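Here are my notes on the model you sent, as numbered points. Please read them with the structure open.

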Amino acid sequence: MTTYVYGIARRGHGRLPEQMGGIGDPPRPVRTVEQGELVALVSDAPEELKPKRRDLLAHQNVLAEAGAGGPVLPMRFGGVSTDDEAVRAVLAEHEERYLERLQALDGKVEYNVKATHDEEAVLHQVLADNAELRALSEANRKSGGGTYEDKLRLGERIAAAVQQRERTDAALVEQALRDAAEEQCPGPQSTGWLANISFLVPRESADEFIATVDRVRAQAPHLVVQVHGPLPPYSFTG
C-alpha cells in the first residue's frame with residue numbers, strides 16, 4: 001500500500017498527532033516515519049485519492065494539530081510515496097534543506113490574498129479620472145447612444161483604461177501588504193484576479209496584517225479583496 005504524506009517536522013516535535021484519523025473512509029490512522037533529525041507525518045493512502053471535502057479537511061486538521069506544537073513543513077493535499085522506505089529516502093536526501101525551512105517557518109503562517117475589481121465601481125472611477133472618456137460617454141449619450149463605431153471606440157478606450165487600472169491596483173495591493181509580511185510569492189495563476197499573492201506572516205503579527213488588508217479595502221473601495229488564512233505555509237516550503 002502506498003504512503004500518504006501530510007507534512008515534515010523535526011524529530012522530537014512535541015505534538016505529533018500519531019493515531020489521529022487522517023484521510024480515507026474509514027480514516028487511516030496517522031503515524032510517523034523517522035529519519036535522521038526529521039520525522040514525516042504519514043498514513044496509508046486510500047486506493048482512490050480524490051480531493052473530496054472530507055479528505056481535504058482531514059489533511060488540514062492533521063497539519064493544524066501538528067502545527068500547534070511546533071513548526072511543520074506542510075505538504076499539499078495529494079502527496080503520495082511508494083512506501084515508508086521511499087519517504088525515508090526523501091527525508092535523508094533533503095534533510096539539510098528541510099531543517100533550514102523548518103527554522104525559517106517557525107512561528108509563521110500563510111495568508112493568501114486575492115483581489116478583483118467591483119466592475120461598476122471601477123467603471124465609475126475610470127470615467128471620473130479621465131475627462132476625455134467622460135466627454136465621449138456624454139456625447140454618445142446625447143446622441144441616443146451613438147453609432148456602432150462610436151460605441152466600439154468608447155468601449156475599447158474604457159477596456160484599455162480598466163486594464164491599466166488592474167495593473168495599478170495589483171501593485172497597490174502588493175506594495176501595501178509587502179511591509180506587513182516577511183516573504184511573499186505569487187499564488188497559482190488563474191483568471192479573474194488582478195492580484196493573487198501569498199504572504200508569510202509571523203503569527204504574532206497576524207492582527208497587524210489583517211488590519212493592513214482592511215486599510216487597503218478602505219483606501220480602494222473599488223477593489224474586492226479576499227483573504228484566506230491563517231494557513232500552514234504551503235507556499236514557502238521551498
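1. Strand 1 and strand 5 (residues 80-81) are paired in the antiparallel sense, with 2 bridges between them. Thr 3 stands opposite Ser 81 of strand 5. Please keep in mind throughout that this is a predicted model.

2. Strand 1 also pairs with strand 4 (residues 73-74), again in the antiparallel sense and over 2 bridges. Here Gly 7 has Pro 74 of strand 4 as its bridge partner. A further 7 bridges join strand 1 to strand 3 (residues 38-44), and these two run antiparallel. In that pairing, Val 5 lies opposite Val 42 of strand 3.

3. How many of the 8 residues of strand 1 are buried? The count is 7 for this strand (residues 3-10), so strand 1 is largely enclosed by the rest of the structure.

4. The aromatic pairs number 4. Distant parts of the chain are linked by the pair: Tyr 4 belongs to strand 1 and Phe 77 to the loop between strand 4 and strand 5, 73 residues apart.

5. The cut-off for buried is under 20%. Tyr 4 and Phe 77 also belong to one aromatic cluster together with Tyr 6.

6. A second topic is the open sheet of 4 strands, in the order 7-8-6-9, with antiparallel pairing. Strand 7 and strand 9 (223-231) are at the edges and have a single partner strand each, so one side of each is left without a neighbour in the sheet. From one strand to the next, the twist averages 20°. Helix 6 (residues 148-178) packs on this sheet and touches strand 6, strand 7, strand 8 and strand 9. The direction of helix 6 makes about 160° with that of strand 6.

7. Strand 8 (residues 195-202) has two partners to check. It runs antiparallel to strand 6 (residues 108-117), with 8 bridges joining them, and antiparallel to strand 7 (residues 183-186), with 4 bridges.

8. Strand 8 is mostly covered, with 8 of its 8 residues buried. Both faces are covered: one side carries Ala 195, Ile 197, Phe 199 and Val 201, the other Asn 196, Ser 198, Leu 200 and Pro 202, and all of these are buried.

9. In helix 3 (residues 95-105), the buried residues are Tyr 98, Arg 101, Leu 102, Ala 104 and Leu 105. Viewed down the axis of helix 3, these buried residues fall within an arc of 165°, so they line one face of the helix. In an α-helix there are 3.6 residues a turn, so residues three or four places apart point the same way. The face of helix 3 turned away from the buried side carries Glu 96 and Gln 103, which are exposed.

10. One backbone detail follows helix 3: just after its end, Gly 107 takes a positive phi of about 80°.

Note on methods: Residues numbered from 1 in each chain as written. Predicted model: local features only at pLDDT ≥ 70, side-chain atom pairs only at ≥ 80, totals over all residues. Heavy atoms only, no water. Buried < 20%, exposed > 50% of the residue type's maximum accessible area, 1.4 Å probe, protein only. Arc of directions from axis to C-beta. Pairing = 2+ DSSP bridges. Axes fitted to C-alpha atoms, helices over the stretch in contact; angles between N-to-C directions. Contact = heavy atoms within 4.5 Å. Phe/Tyr/Trp six-rings, centres within 6.5 Å; stacked < 30°, edge-to-face > 60°.
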